[in-house]
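Dear colleague,

I am handing over the structure below, with notes on what was found in it. Please read the notes with the coordinates open beside you.

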Amino acid sequence: MVDLPKIIPQSEIKRRNFLKGAGAMMASIAGCNSKDPFTTEGKKEQVQPSGEMVKLLSTTGEIIEVDKAYLKPTEEIPSITHMAERMGIEGKKFVMVIDLSRCRNLKKCQEACNHAHFVSDHQNWIKVYPIQDAENTSPFWQPTTCMHCDDPPCVKVCPVDATFKRVDGIVGIDADRCIGCRFCMAACPYSTRVFNWDQPIVPPEVLALQYSSETSCPPKIGTVSKCDFCPDMARKGELPHCVTACPNGVFFFGDLNEDTVTNGSETVRFSELIRDRSGYRLMEDLGTKPSVYYLPPVDRLFPFKDEDKHEAKPELHS
Amino acid sequence: MSQLTNSSKITTDLLPQKFGTGGRIWTGILVVLCLVGLYGYYRQVTVGLVVTNMRDYASWGIYISNFVFFVAISLVGSLITAIFRLASVEWRTPLTRIAEIIAVSAILFASIIIIVDMGRPERFTHLFLYGRLQSPIMWDVIVITTYLTISVLFLYFPLLPDLPILIKNSKDGSVRQKFYKFIGSFWKGTAAQFRISENALRIISVMIIPVALAIHTVTSWLFATTYRPGWDSTNFGAYFVSGAFLVGAGGVVVAMYVFRKAYKFEAYITEKHFDNMSKIVVLLALVYLYFNINEYLVPAFKMKKAEEHHLRSLFVGDFARLFWTAIVMSMIVPIVVLLFPKGRKPFPAFVMGLFVVVGAWFKRYLIVTPTMLSPFLPMYDVPDSYKQYFPSWEEWAITTGSLAGTLLIITIFTRLFPIIPIHETIEEMEHIKHEKV
């Protein structure tokens, strides 16, 4: 979402069509690259035009239309290097705002996250806690992700730089480097990290992929995993899976430098949202400086139901 | 003439002896325990850490507490050998080698057990390829290797004067003699060599004390550098070091008794030694008790919200029985018993030493596990089995195997080398004789 204005010079193009086209173009370029660019081999192939046209953006910035049949699918190749992944996206400072007044424990966020990252059972990166601070205070649902702290205790204690802080504020994990000492798990006050005690269950085609700290896939046995703020989505200009999955717009995601956050349907000034709604962060007294902000559960859309509380007992499915 | 017979009697008394039936059974049991532990580790490496009962909340378990135990007990080497040497404690001679081999074998297994705890042990080299000095684990790697090196030297240098005696008394051309020659044939026992050795030992004695304090302080920082209730304490370094000296002293008392019985060392390890060591145990137990009071009662007075769950689990909750047993067994009972002269006789002192060591092991368990199970945010959205921790058989097997491993090293060492320094003992006897004349 954040990168869109940069990528699209022509405002009249519909975003959806454009993205489809760009992906296809990349695919076609990649397909040609594997051979001599001046080869005539392509001509030998007899392809029947399908009649379905796809819009593409040429290198000169023109919109061209190509028949879908001429586009060749190709394997997904990592577009950025390992080092660039560790570095992060220059000029960005990602933040999240979680509006507690809208959460009713639907756990769509958790579902989408688990699906996208092949999260193992009982090891949810997103948890929706029923929180009641004291006997006479009001209970509410509190979704938690990794806080992507600006002073991350986990990064401080990692002996091998396997968990690191990027320039865009994201705390990432390099599962190819992690030695599995689990010191970061002991250090994290938000209990956000999980450990792959067992061989993670992932489709073979995902298992064959090169590990990327931006997708945290494929998860590797004997290493630590956690919420990664979906930087792969941000690079594509899309929102993290939890944000788009939430039907109530609980999660706002955006860039502090642009002072803008969005939950997909509403886009607001981050500073104004925090100011007007008295935003705060979890365990501020620890000095970890989280990148995740919370809006207090006032003027709630949904009441905290008692049966929710019973439901809150740990269940065996994720 | 009488002097000659005397020194040859000491030599025959103290030379390493062949295992009797008891010794063979003992060694056999240790070997079996080690093999079972190895099998447990084989399972863990092939299947994954999932064979343990550690899960995301209790992400550290008995491997870590066992590691802390090993580091703790290894501190005794510096106490008996270095501190006693610098303080010119005369009666230390028969205890120095016992203490030092305990130190070396324990610190060796501390490094092994920490690799056992790793999810990716094959990436051990990453510590050197990508090591970051800001991590307390790197500090631990550095001080533990330093301490291991110094401790080995501290064991080896005083062994040198005994090697000619061992070479002379072993079968010519045997593998064992070749081994003795390999490690010590350069020792001719000249005045110059003794001077160098003496100087080296003096330097090491001074060097090893800060390193010993560092290994256990840094180990305490693995916990104290986190925010967690029960670990977030400025008291932790001193608390760990005092506990370490206590368990080490207890360990030496136990070893003294066992060696005395097994090898009939009554003339060398006397009741006086038990009496003196017992007094030291009392002193150390009092110091450790003092730190425990600081560690538990001061937070309990305030009962901060984050601490409450942890303290309750220890005082009245799931861990209460273990907690109070450990406190009473490893501190209060030894203090009371060893205050009486009768309690300082070899057998009661041995029993108290056992109490101290066993209690100390469980104390380390209580330092790690209850805190892991008292996170800031409540344990939630996981099965009930994730909210508790009791080690699996693989964990027990590996831990028992590592403990058996240290005892095996000590046993094999005793089979190869005199556990009481021969040369030093003879010299001391002569010294006493001269004074009498």
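How many helices and strands does the secondary structure of chain A come to? The answer is 12 helices and 13 strands, where helices (H or I, at least four residues) and strands (E, at least two) are DSSP runs, numbered from the N terminus.

Before the details, a word on conventions. Residues are numbered from 1 along each chain as its sequence is written, while chains are lettered from A and ligands numbered from 1 in the order in which they are written. The model is a predicted one, in which local features need pLDDT of at least 70 and side-chain atom pairs count only at pLDDT 80 or more, whereas totals for chains, interfaces and linings use all residues.

Chain A

Of the 318 residues of chain A, 40% count as buried; a residue is buried if 20 or more other C-beta atoms lie within 10 Å of its own, exposed if 12 or fewer, and partly exposed in between, with C-beta atoms placed from the backbone. Taking contacts between residues at least 6 apart in sequence, 62% of those in chain A join residues at least 24 apart, a contact being two residues whose C-beta atoms, placed from the backbone, lie within 7 Å.

Chain A has an open sheet of 5 strands in the order β12-β11-β10-β3-β13, with mixed pairing, where two strands pair if DSSP finds at least two bridges between them. Its edge strands are β12 (267–269) and β13, each of which pairs on one side only. Neighbouring strands of this sheet are turned by 25° against each other on average, direction ignored, the axes being lines fitted to C-alpha atoms (for helices over the stretch in contact), with angles that run from 0 to 180 degrees between N-to-C directions.

Strand β3 (residues 94–99) of chain A pairs with strand β10 (residues 251–255) of chain A in the antiparallel sense over 5 bridges, and there the bridge partner of Ile98(A) is Phe251(A) in β10(A). With β13(A), by contrast, β3(A) pairs in the parallel sense over 4 bridges, and Val97(A) stands opposite Tyr293(A) in β13(A).

Ser291(A) lies in the loop between α11 (270–276) and β13 (292–295) of chain A. This serine counts as buried because 23 other C-beta atoms lie within 10 Å. Not counting residues up to four places away in sequence, Ser291(A) touches Phe94(A), Val95(A), Met96(A), Met147(A), His148(A), Cys149(A), Asp150(A) and Gly169(A). Met283(A) is found in the loop between α11 and β13 of chain A, and has a phi near 50°, a positive value in a residue other than glycine; Met283(A) is partly exposed, because 16 C-beta neighbours lie inside 10 Å.

Two further loop residues of chain A deserve a look. Asn105(A), in the loop between β3 and α5 (108–117), has a phi near 65°, again a positive value in a residue other than glycine. Pro218(A), in the loop between α8 (204–207) and β9 (224–225), is joined to Cys217(A) by a cis peptide bond with omega about -10°.

Chain B

Chain B has 17 helices and 0 strands, and buried residues make up 47% of its 437 residues. Its C-alpha atoms fill a box of roughly 80 × 50 × 45 Å, taken along the principal axes.

In the largest nonpolar core, of 174 residues, Ile102(B), Ala249(B), Val252(B) and Val281(B) touch the most other members; such a core is a set of buried Ala, Val, Leu, Ile, Met, Phe, Trp, Tyr and Cys residues joined through C-beta atoms within 7 Å. The largest share of this core, 16 residues, comes from helix α11 (residues 236–263) of chain B. Leaving aside neighbours within four places in sequence, Val252(B) is in contact with Val76(B), Ile80(B), Leu95(B), Ile98(B), Ala99(B), Ile102(B) and Met277(B).

The contact between the chains

The contact takes 35 residues from chain B and 38 residues from chain A. On the side of chain B that touches chain A, α6 (126–129) and α7 (136–156) of chain B each supply at least two residues, and α7(B) gives the most, with 3 residues.

With best regards
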